[in-house]
Amino acid sequence: MNGLVLGGTYALLGIGLTLIFGLMNVVNFAHGEFYTLGAYAAFATLGLAGAHFVAAVLAAIACGVALGAVCELTLLRPLRAESIDTTMLVMIGVWITMQNGELLLWGGVAKSIPHPFPTAPLVLGPVSIAPLRVFVLALAAGLIVASYLLIHKTQLGMAMRATFQDRDTAALMGVRIGRIHTATFAFGSGLAAAAGALLGPVFLAYPSMGDLAALKAFSVVILGGLGNLPGATLGGLLLGVAEELGAGYVSSGYRDAVGFVIIILVLLLRPAGLFSKQERIG
Amino acid sequence: MTRAGRFVPVLLALTLPLWLGSPYFLHVVIMAGIFGILALSLNLLLGYTGQLSLGHAAFFGIGAYTSALLTLRLEWSFWLALPCAVAASGLAGWLIGRLALKLRGAYFVLVTISFAGVIALVSVNWMDVTNGPLGLPGVPAPALGPWSLRAKSVYYYLVLVAVLIAYLVCRRLVASRIGRAFVALRENEALAESVGVDVTHYLVLAAVVSAAMAGMAGSLYAHYTRFVSPEVFLFSYTVTMVIMVVAGGKGTLAGPLVGALIFTALPEALRAVTSWQWQMLAYGVLLVLLVFFLPRGIVPALAAWRAWKAP
């Protein structure tokens, strides 16, 4: 059950990253920082302003979207013609900058985010779970469904899918590629921030929390295959459960090693991802 | 460059401990040397074959731990432990090369990150051997016969020789048939393969040499600071190496060394002015600016400027 809660947020992280990678061909190393941003935004709205939890998640998403859009417009757009290595280095720079900016702003001490839920666990038959986690899981599921609807039912989503399949043809058909890129990056960053706001109250918020989250997101993307949305969702859930089991049955010290081992194994055995039917060319 | 132009830097490098008064400056130079070896090793992969490894701290750490454990637990001499550290890192490089170089670009990057992550977790959790997060204190300083090389001014020469060896290995390799194969792979892999370049063979070779050099740097680091902890696997080390190579000029021989000097001295200089967080913040901004304005690095930019000034 805890695995599912983790998995739901991993899936949110993974969906954002897989979209950015698949569509823009940018290896977004700063993805984890948007997750951190979300956690601190939730901390600011919940802990300092005393707002409702849902409002805090929405505020976090707004922060993520806004900063993501700024990032894309100022940094990635001028470099769109450059190679993937160049943008990757820029994103590493953004990552270092954001992380230390957060360190300066909030200090190095981990912050606990207050939440309005009772701490007594709900007991449902054989499982017991904290109400906060149920709520987190429900919100994560809602956000995943919302992203599916956005991508499959709206015009923006259709333009995104067209750009993903063939950028030049999409451009010829009148899709504004620049806008789609900005929207994709902002959307992915918003999802990462939402994941941070959701997991923040479960754990603690600290400046370097994004590093691990970014690695998790990368494992999810690899598990599911690049640019594969259902893959990323399933991959996230799978990784969350696998980690929980790994921590329970092997050793809690190696919990985070599960993700790394999965990355290595999947890349070596099924480089196109676990859930892909045929080779996808990104 | 004229003969005198070459002679002056050599003379400066040889006599440095004599006129560089403060041991603190000497420490910065020694660290720059160790990072110079690391940057050279990363450049071999990133600059010449075009494959970015973000797991180089793993090879550095493996070298440091191998050397520290051999001298501490088995009481081997440094001169035996150093080649063993080089060999252990080289072996790890071979393994990763064999496994991961089927993959390219972002996938390769991710495997190297994951590899470094696993190794770092092992170093934290395998208490019996690595002493976990507490690290291994009291790594002995190397000795040459009855003389200890513990003094900074003496250790400087050891590092200088190591940098020289690493530089010459790179230069020899790059100028050879192998180096041309590397560049051919970087520029157009399909074409290189079609004219008979064995892709896997050369990429694995690059990975092994690069990892072995990083291992040498790790061993030198362990016996210099005389303390090894899981911190040697920190991702920031890898990022520092990447910045040094890219800023200095990837695919050039002098670039990584210039990058290492600048980016070891710069944080030290910044430290005098501001706090640590601001220093890292400035570092990140600087990296973004560098990619924007000097995408090919300092050394190629200088070369272009010189060519433009004196046609």
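Residues are numbered from 1 along each chain as its sequence is written, and chains are lettered from A in the order in which they are written. Because the model is predicted, local features need pLDDT of at least 70 and side-chain atom pairs count only at pLDDT 80 or more, while totals for chains, interfaces and linings use all residues.

Chain A has 11 helices and two strands, where helices (H or I, at least four residues) and strands (E, at least two) are DSSP runs numbered from the N terminus. Read from the N terminus, its elements follow the order α-α-α-α-β-β-α-α-α-α-α-α-α. Of the 282 residues in chain A, 53% are buried; a residue is buried if 20 or more other C-beta atoms lie within 10 Å of its own, exposed if 12 or fewer, and partly exposed in between, with C-beta atoms placed from the backbone. Two residues are in contact if their C-beta atoms, placed from the backbone, lie within 7 Å. Among the contacts in chain A with a separation of 6 or more, 76% are between residues 24 or more positions apart.

Chain B has 14 helices and four strands. Its C-alpha trace spans about 50 × 45 × 40 Å along the principal axes. A compact globule of 311 residues would have a radius of gyration near 19 Å, and chain B agrees with this at 19 Å; the radius is taken over C-alpha atoms, and the globule rule is 2.2 Å times the number of residues to the power 0.38. Buried residues account for 47% of chain B. For contacts in chain B between residues at least 6 apart in sequence, 78% join residues at least 24 apart.

Between the chains, 30 residues of chain A are in contact with 29 residues of chain B. On the chain A side, the elements that give two or more residues are helix H4 (84-106), helix H9 (209-224) and helix H11 (257-269). H4(A) provides the largest share, 14 residues. This side has 22 nonpolar, six polar and two charged residues; Ala, Val, Leu, Ile, Met, Phe, Trp, Tyr, Cys and Pro count as nonpolar, Asp, Glu, Lys and Arg as charged, and the others, Gly among them, as polar.

Within chain B, the axes of helix H2 (residues 23-49) and helix H10 (residues 199-225) come within 9 Å and cross at roughly 170°. Axes are lines fitted to C-alpha atoms, for helices over the stretch in contact, and angles run from 0 to 180 degrees between N-to-C directions. H2(B) and H10(B) are therefore roughly antiparallel, the term for angles over 145 degrees. Residues making the contact include B:Ile30, B:Leu38 and B:Tyr48 of H2(B) and B:Leu203, B:Met213 and B:Tyr224 of H10(B). The residues of this contact comprise 20 nonpolar, three polar and no charged.

Helix H12 (residues 254-273) of chain B reaches 29 Å from its first C-alpha to its last, close to the 28 Å expected for its 20 residues; the expected span is 1.5 Å times one less than the number of residues. Its buried residues include B:Pro256, B:Leu257, B:Val258 and B:Phe263. H2, helix H11 (235-248) and H14 of chain B are among what covers the buried residues of H12(B).

B:Arg296 is found in the loop between helix H13 (276-293) and helix H14 (298-309) of chain B. With 15 other C-beta atoms within 10 Å, B:Arg296 is partly exposed. Leaving aside residues up to four places away in sequence, B:Arg296 touches B:Gly249 and B:Ala301. B:Gly251 is 45 residues from B:Arg296 in sequence and 9.3 Å from it in space, C-alpha to C-alpha.

How values were computed: Parallel < 35°, antiparallel > 145°, perpendicular 65-115°, else oblique.
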